[in-house]
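Dear colleague,

Please find below the structure that I am handing over to you. My notes on it follow, and I should be grateful if you would read them with the coordinates open.

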Amino acid sequence: MRKGTEATFPTRFRRDFLLNKYLYLMMVPVVAYYLIFHYAPMYGALIAFKEYTPNKGILGSEWVGFQHFQEFFSSYYFWRILKNTVIISLYSLCFEFPAPIILAIMINELANKKFQRFVQTVTYMPYFISLIVIAGMVKDFTNSGGLINNLLTHVGFNDTAMLQKPEMFRTIYILSEIWQKIGWESIIYLAALMSIDQEQYEASKIDGANRWKQIWHITLPGILPTIAIMFILRMGNLLNVGFEKIILLYNPSTYDTADVISSFVYRKGLLEFGWSYSSAVGLFNSVINLALLVTANKISKRVSENSLW
C-alpha cells in the first residue's frame, strides 16, 4: 500500500477481527476475568485515603489524605513487619528461587528415564496437597515429639517445639516452601532445557568438555533468558510473602520474626476491622513491589537484553 493510503487503526482492527474472530472470542473470558477481578477492585483503593465506614460507602466516607500512611510509618509495627518481610523475601530469593533451577538441571542430567520420571512425580506431589494439610504436616513434624524432633534427638539434639521458637520460624517457612514448590516450579526450566540444541553438547564432547563444563557453558546460558524473566516476575512479588501459610504457622510468640506486611494487613483489616488502615498498608506494599518490578526489568534489559517489556 502506497504512502498516504495506509488504513486507519479502526479499519485494520475491523479487518483483523473478521479474519480472527474466533481467537478474539477466546480472549473474552480472560479479558473479563482481569477487568472484573483485577482492575475493578482497584476502585476500592480509595479507602486508604478515607476513614471508611460501611454505612457511608467509599465515596461518602470522610477524606483523611495520608493520615493512615503516617500512622503506619510512625507505628511500632512498621520496622518490625518491614524487616521481617524483607528478610523472608531475601531468604526466598536466595534459596527458594534457585532450587527449581538446580532440580531441573539435575533431572535433565539423569540418564535413566524411568528414574527421571519418578523424581519428577515425587517432587511435583507436594504442590497438589492442600495448603491447610501442608501447614498441619509442618506443625506435626516440628512439634515436640514430632518426626523431625525424633530424628534430631537420635543425633544429640534436644526435643523442642520448633514453631514456638521465633529464631526457627523463617528457616521452617523457607524449607517448607522449597519442599512444596520446587517440583512444580522446575517445569518451566525443564521446558527451557528441551529447547537447547543437542548438537552443542555433542560438539563440546568432541572438544573434551566434561559434564560440569557443559552445564556451565551450554545449559545455564541456554536457560538464562527464562531465568531472567522468572527473576523479574519474582522481584515484582518480592514483598508479597504468602500470608496464608504464615497465618497458619505463626502465633503471638513468633510475631517478632514471623509477622509480615500481608499477615499484618489480614489482622488489621479482617480481625480488627481497620479497613482504611489495612488498605493503606497494602497499597504501600503494592507500590514498593511495582518499583522493584520496574527496576529489575530495567537492570535485566541493560545487562542481559532480556525483559518483560
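On the helix 6 side, L103, I107 and N108 take part, and they meet Q116, V119, Q120 and T123 of helix 7.

Before the remaining details, a word on confidence. The average pLDDT of the protein is 87, and 98% of the residues score at least 70. Residues 1-5 stay under 50, and the model has 2 contacts for them beyond four places in sequence. Where pLDDT is low, the predicted coordinates should not be read in detail.

Two buried residues may be of interest. I47 sits in the loop between helix 2 (21-39) and strand 1 (50-51). I47 counts as buried because its relative accessibility is 11%, and the cut-off for buried is under 20%. Beyond four places in sequence, I47 touches Y52, I58, W275, S276 and S279.

S176 belongs to helix 10 (residues 166-194) and is buried, at 6% relative accessibility. A polar atom of the S176 side chain lies 2.7 Å from the backbone oxygen of Y173. With neighbours within four places in sequence set aside, S176 is in contact with V138 and K245.

Both ends of helix 11 (residues 198-206) also deserve a note. Just after helix 11 comes G208, which takes a positive phi of about 90 degrees.

Most residues other than glycine have a negative phi. F273 is not a glycine, yet its phi is positive, at about 60 degrees. F273 is placed in the loop between helix 15 (261-271) and helix 16 (275-304). At 55% relative accessibility, F273 counts as exposed.

With kind regards

How values were computed. Residues are numbered from 1 along each chain as its sequence is written. This is a predicted model: local features need pLDDT of at least 70, side-chain atom pairs count only at pLDDT 80 or more; totals for chains, interfaces and linings use all residues. Side-chain values use heavy atoms; hydrogens and water are left out. Helices (H or I, at least four residues) and strands (E, at least two) are DSSP runs, numbered from the N terminus. Buried means under 20% relative accessible area, exposed over 50%, partly exposed in between (1.4 Å probe, protein chains only). Contact means heavy atoms within 4.5 Å. pLDDT is the predictor's confidence in each residue, from 0 to 100. A polar contact is a pair of N or O atoms within 3.5 Å; within protein, one must be able to donate a hydrogen and the other to accept it, and residues adjacent in sequence count only if both atoms are side-chain atoms.
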